[in-house]
Structure formats: structure tokens, C-alpha cells
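This report describes how two protein chains meet. The structure under discussion is shown below.

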Amino acid sequence: MLLKDKFFRVEGTDVQDAAHAVFHVTLLADCDCYRGHFPGKPVSPGVCNIEMIKECAELLTGKDLLLAAVKQCRLTAVATPAVCPQLDVTVTAEGTGDGYTVTALIADSGKSYMEFKGTLILNQ
Amino acid sequence: MLYEGEAIKTLIPQRDPIMMVDKVWSAEGDTAVTGLTVTDRNYFLEDGLVAEPGLIEHIAQSASAFAGHRARVAGQEAPIGYIGEVKKFRLYRRPAVGEELRTVITMGTEVNGITLVRGEVRSNDELLAETQMKIFCE
């Protein structure tokens, strides 16, 4: 995985069933992405949060997945490792045969940062 | 060619290791053409291919470079833009190290600081990815 244990770390997982789980993650402030995004003003890149959702979906399904389509992904607040070091990534992955329809929410107790709907297919 | 290499830094706030545009070929009206050569140092490289979020970031930074160019032409500072929404992204193929991406950005009208952007990423005329996004500037 590209960003697990580099941009984020999974501290715990509440698995409801094969299609639903909540991942409790920490954003890692020493990730090298913050050197460039932005110098002196670390802001978590939105695309890294998208990748974090993809990697959580891979952890949930146990499959190597590709982000084939994003129907809609709203970035509802600016995330930084200082503002929201602890986040919950709630993932639903419904199987479609060659992949999954995934909906996900990144939030902490205060607010939500990303709402995602998309299609992840098996990487083969 | 309008901008290349170091000159891109006058247009966008992103820096290494996460700079995802290295050329602006043209910018006219609502359309700009940008580029990125995929190197083995690319931040989003996985198994020799640029992962999907890297293509989205390339499109976002291409739009940011276009906005930065427009600001320069108007004698203003380049704005910092954030992605507000990604919509209708489609991945067709991930590019490999050595491929030269060429991306067409179409900028919509700005309403309340939010601009609708379309991006299409090609390599040798093959469409690799496309998306719409909303960018908001501060």
C-alpha cells in the first residue's frame, strides 16, 4: 500500500460485517508529503485522503483494488495532522462481481472531512 | 511552451516531493494544456505505475498552474487552491515511468470563489483518466 504507515496508521478497526467497517486512524505529521503540501503550512492532500479510503477498502475486502471511478467525492473541510490527528474512516463496500461500490466517510467527533462514492475494481 | 521545470514554482504552491506538473504547454481562453513526465521519483508511484490519486492530483495541480498563470498575467499573486469536490472521475490506465502525460484543462466560470474544472489526461493521444472537480481558492 502506498500510504499506510506513511500518511496514516490504523489504530483499530470495528468490523460490522464483510461489507461495513470503521477504521480508527492517526494522520502521521512526519509524512514527507507535508514538505511540499505546503512548505511551512501542512495540509493533508485531498487525494491522499482518497487513497486512504481506497486502502481501508482493501483492508476490509482483503483485495488489491483500483479506483476505477469516483461518482462524487466531497471535501467538506480542510484536514491537517494538527487539526484532526485522529480520524474515523467509515467504509461500506458492496460487491459487484468484478469489484465493489464503495461509500466512505472521513470524520472525527467534530466534523466530516470527506464524503466518497465510487467504484473500486479488482487489480489484476 | 509557456513554463517548464523551476518556472512552474511561480504558478503553484506545491513543492517536492509532491509536485505533479512540470510543463505548461499553452493557456488560451478557458483551456490550458499541461504536462508531466513520470519519473521513478514520482510520489504516487506503485509497482512502476502512477496510482489513481496521483492522476487526480496532476489534474488539480494543472488547474492550479492555469489559475496561477492567469493571476500572473493579471499582475496578481498565484492563489492557493483546494479541491472541493471530485466528480465523474474515470480511470482507463495508469501511466508508467517514462510516459509523458499531456493534460487538457477546461476552466469554468468562478462563482463565489469556486471554479468548475474539467481535466483529461492523455499519453500519446490515449485517454488515461478524466475528471471534473470543483476548486476553491483562498
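Contact here means that heavy atoms lie within 4.5 Å of each other. The structure is a predicted model. By that criterion, 28 residues of chain B are in contact with 32 residues of chain A.

The size of an interface is often expressed as the accessible area that is lost when the parts come together. For chain B and chain A, the buried area is about 2500 Å², and carbon and sulfur atoms give 60% of this area.

Polar interactions also occur between the chains. Between chain B and chain A, 15 residue pairs are in polar contact, with both residues at pLDDT 80 or more. On the side of chain B that touches chain A, the elements giving two or more residues are β4 (45-46), α1 (52-73) and β6 (81-91) of chain B. Of these, β6(B) gives the most, with 10 residues. The composition of this side by class is as follows.

| Class on the side of chain B that touches chain A | Count |
|---|---|
| Nonpolar | 15 residues |
| Polar | two residues |

How many salt bridges does the rule find across the interface of chain B and chain A? The rule finds one. In this salt bridge, the side chains of B:E52 and A:K54 meet at 3.1 Å, N to O.

Strand pairing also links the two chains. Strand β3 (residues 65-75) of chain A is joined to β6(B) by five bridges, and the two strands run antiparallel. Within β6(B), B:E85 is the bridge partner of A:R74.

Note on methods: Residues are numbered from 1 along each chain as its sequence is written. Chains are lettered from A and ligands numbered from 1 in the order in which they are written. This is a predicted model: local features need pLDDT of at least 70, side-chain atom pairs count only at pLDDT 80 or more; totals for chains, interfaces and linings use all residues. Side-chain values use heavy atoms; hydrogens and water are left out. Buried area is the accessible area (1.4 Å probe) that two parts lose on being put together, summed over both. A salt bridge is a side-chain nitrogen of Lys or Arg within 4 Å of a carboxyl oxygen of Asp or Glu. A polar contact is a pair of N or O atoms within 3.5 Å; within protein, one must be able to donate a hydrogen and the other to accept it, and residues adjacent in sequence count only if both atoms are side-chain atoms. Helices (H or I, at least four residues) and strands (E, at least two) are DSSP runs, numbered from the N terminus. Ala, Val, Leu, Ile, Met, Phe, Trp, Tyr, Cys and Pro count as nonpolar, Asp, Glu, Lys and Arg as charged, and the others, Gly among them, as polar. Two strands pair if DSSP finds at least two bridges between them.
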